[in-house]
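Visitor: I would like to learn how to read a structure, feature by feature. Where do we begin?

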Amino acid sequence: MDPSGGAPFEGKLFLHTIDLRDEQEEKYMRAYRSFEEITAGLSDEDFHDLLSTQVSNERQHEEISLALVYIILTDPSAAAKTYRDLTLLTRDGLFFVTTNLAMLVADKHHRLTDMGRKQMLWLLRELIKNQVMNVDNLAWNILRQASGGDISPKNIAHIESLLDIFTEHRPWLEKDQFLVGTVAYTFVRLIEDHSGPQFVHLRNREVKFVIGLIRDRFTDIIPLGREFVRLLQNVTRIPEFDQLWKDMLFNPRSLCPTFNGVWQLLQTRTSRRFLRGRLTPDIERKVHFLTSNVKFGNQKRYQDWFQERYFTTPESQSLRSDLIRFIISAIHPTNDMLCSDIIPRWAIIGWLLTSCTNAVALANAKLALFYDWLFFDPMKDNIMNVEPGILVMYHSIKNHPLVSCTLLDFLCRIIKNFYPKWEDRIRAGIYNSLRKILEMKVIPNLGPLFDSPKLDRDLKAMLRENFREFCCTNVPPNNIYQQPQQPGGAGFYILGNPIRRG
């Protein structure tokens with residue numbers, strides 16, 4: 001309803017729901033209504049004269065800008081002319097417009113109509129084409145809406161539109177190092193979902209674009225670090241990525257004169273912003289709500305809703321790894337929250353693992369859980385990045401021993417199979433993780449886990465082989481295992497599948 005008490009205002013920008021519109025939605029509608037009232041019936045000359053006078057006032061300039069944006073997003077036939085009006089009337093180089101659009105996409109993209117979403121992409125293209133400043137944040141927020149694990153026609157159309165824009169305006173893209181990295185990271189992740197025969201044309205276009213971007217701008221790719229390697233593992237069967245792997249392993253200087261090889265990437269921690277970029281803002285808000293407001297024991301209905309909303313298709317299972325990496329790396333509860341009755345991170349991750357219905361996605365989710373363990377440096381890395389892994393196993397061994405057993409088995413096997421060339425370094429990272437866990441008293445000791453009677457004979461033997469010190473004795477907490485300096489061996493294994501020279 002109109003807040004003034006008049007007739008309902010049927011907006012064309014936002015989907016109609018039973019929820020009350022918030023202030024952000026209302027401000028666009030109020031600006032549009034006011035704009036319609038003062039410009040109705042005016043000729044083009046009178047229209048421009050009036051608006052030129054109005055925009056001299058900062059508040060009126062903002063209101064008129066919002067109204068013109070509303071028209072662009074709801075009326076494709078008037079969009080081109082309205083955009084020209086907007087550029088003629090702006091007093092700040094469209095800074096107010098791009099800032100508000102970025103907030104609109106971050107907060108309300110899921111509430112936009114199909115027309116509003118389509119026109120938002122049209123407007124992004126126009127802003128880029130006209131070299132408007134401050135568009136990078138808008139582009140980043142729109143890119144976040146390309147959801148992983150979603151092959152619905154709407155999401156595929158969104159991805160295709162973004163691919164068109166970045167391909168057409170690649171010189172603009174290459175001016176921003178962070179955006180180059182984000183676009184490469186995003187499309188490598190999305191290609192994983194586009195393996196079906198119906199996506200051959202899209203996948204070929206994506207591969208051609210992103211491989212070209214990676215090879216031409218590899219200096220901008222290096223800061224993506226170890227998470228980029230994790231994503232590359234899932235697309236290695238594509239010939240162009242297979243060749244990229246070979247160059248990274250055996251001819252790294254061909255990609256960048258300062259690139260020393262894969263281990264350089266694995267030693268580089270990835271910015272949380274890249275991990276955050278692989279969740280839509282709407283999903284991110286729901287995850288934050290779950291980890292900060294829901295009491296332990298009351299989470300089932302929220303998890304059921306999340307399952308029904310985001311994990312109903314086979315393809316959607318790949319989203320679990322994105323969520324696990326985000327929860328581990330970006331959500332670090334305060335001490336007060338750790339002592340409260342809020343659902344802990346390990347319980348949410350345990351649910352994400354146990355409810356997974358795809359074997360490949362489950363293996364990737366396990367790697368996502370333990371990924372920080374493989375490279376853990378106690379002098380640099382945060383205990384909060386390895387805490388969820390040990391707590392999932394520790395709290396599951398009593399009532400859900402199969403969860404703990406499968407994770408322990410995975411941890412044993414990943415030492416030798418993730419990267420045989422540097423098995424010693426991987427082992428060192430995992431040992432350092434366990435030592436830090438004991439030092440910080442995340443759990444009292446490893447006995448209830450490593451020496452549990454619920455482990456079968458073969459698993460106990462593997463644990464003794466790989467973690468003899470931790471199974472039999474209390475390890476001094478300050479005895480930090482040192483990373484060996486000289487690697488040996490050859491070959492790079494990706495979840496048991498080696499890539500070798502030639």
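Guide: Let us start with a single residue and its surroundings. This is a predicted model. Gln 131 has a relative accessible area of 45%, so it counts as partly exposed.

Visitor: Where is Gln 131 found?
Guide: Gln 131 sits in the loop that links helix H6 (114–129) to helix H7 (136–144). Its backbone deserves a look too. Gln 131 is not a glycine, yet its phi is positive, near 55 degrees.

Visitor: Now the whole chain. How many helices and strands does the protein chain have?
Guide: The protein chain has 28 helices and 2 strands.

Visitor: What does the radius of gyration say about the protein chain?
Guide: Set the value against a reference for the chain length. For 502 residues, a compact globule would have a radius of gyration near 23 Å. The protein chain has 26 Å, which agrees. For the extents, take the principal axes. The C-alpha trace spans about 85 × 55 × 45 Å along them.

Visitor: What share of the residues in the protein chain is buried?
Guide: Buried residues are 54% of the 502. Take the contacts with a separation of 6 or more: 74% of them join residues 24 or more positions apart.

Visitor: How do I read burial for a helix, say H13?
Guide: Count its buried residues. In helix H13 (residues 225–232), 8 of the 8 residues are buried, so the helix is largely enclosed by the rest of the structure. Among the buried residues of H13 are Arg 226, Glu 227 and Arg 230.

Visitor: Next, helix pairs. At what angle do H3 and H6 cross?
Guide: Read the angle and the axis distance together. The axes of helix H3 (residues 58–74) and H6 cross at roughly 110 degrees and come within 7 Å. H3 is therefore roughly perpendicular to H6. On the H3 side, the contact uses Ile 72, Leu 73 and Thr 74. H6 supplies Met 115, Gly 116, Gln 119, Met 120, Trp 122 and Leu 123. By class, this contact of H3 with H6 has 6 nonpolar and 3 polar residues, and no charged ones.

Visitor: And how do H24 and H27 pack?
Guide: Helix H24 (residues 401–417) and helix H27 (residues 457–466) pack at about 45 degrees, with axes 10 Å apart. H24 and H27 are therefore oblique to each other. Their crossing is left-handed.

Visitor: Which residues of H24 and H27 meet?
Guide: H24 brings Cys 405, Leu 408, Asp 409, Cys 412, Arg 413, Ile 415 and Lys 416. H27 brings Leu 459, Met 462, Leu 463, Glu 465 and Asn 466. The contact of H24 with H27 divides into 7 nonpolar, 1 polar and 4 charged residues.

Visitor: What about Asn 100?
Guide: Asn 100 counts as buried, at 6% relative accessibility. Asn 100 belongs to helix H5 (residues 95–108). Beyond four places in sequence, Asn 100 touches Lys 27, Tyr 28 and Leu 66.

Visitor: How do I compare sequence distance with space, for Leu 213 and Val 180?
Guide: Take the C-alpha separation. Leu 213 and Val 180 are 33 residues apart along the chain, and their C-alpha atoms are separated by 7.8 Å. Leu 213 is in contact with Val 180, and also with Arg 170, Leu 173, Glu 174, Val 183 and Ala 184, leaving aside neighbours within four places. Leu 213 is in helix H11 (residues 200–216), and it counts as buried at 0% relative accessibility. Now take Asn 100 and Cys 356. They are 256 residues apart in sequence and 38 Å apart in space, C-alpha to C-alpha.

Conventions:
Residues numbered from 1 in each chain as written. Predicted model: local features only at pLDDT ≥ 70, side-chain atom pairs only at ≥ 80, totals over all residues. Heavy atoms only, no water. Axes fitted to C-alpha atoms, helices over the stretch in contact; angles between N-to-C directions. Helix = DSSP H or I, 4+ residues; strand = E, 2+ residues; numbered from the N terminus. Parallel < 35°, antiparallel > 145°, perpendicular 65-115°, else oblique. Left-handed = near helix turned anticlockwise from the far one by under 90°. Contact = heavy atoms within 4.5 Å. Nonpolar A, V, L, I, M, F, W, Y, C, P; charged D, E, K, R; others polar. Rg over C-alpha atoms; globule rule 2.2 N^0.38 Å. Buried < 20%, exposed > 50% of the residue type's maximum accessible area, 1.4 Å probe, protein only.
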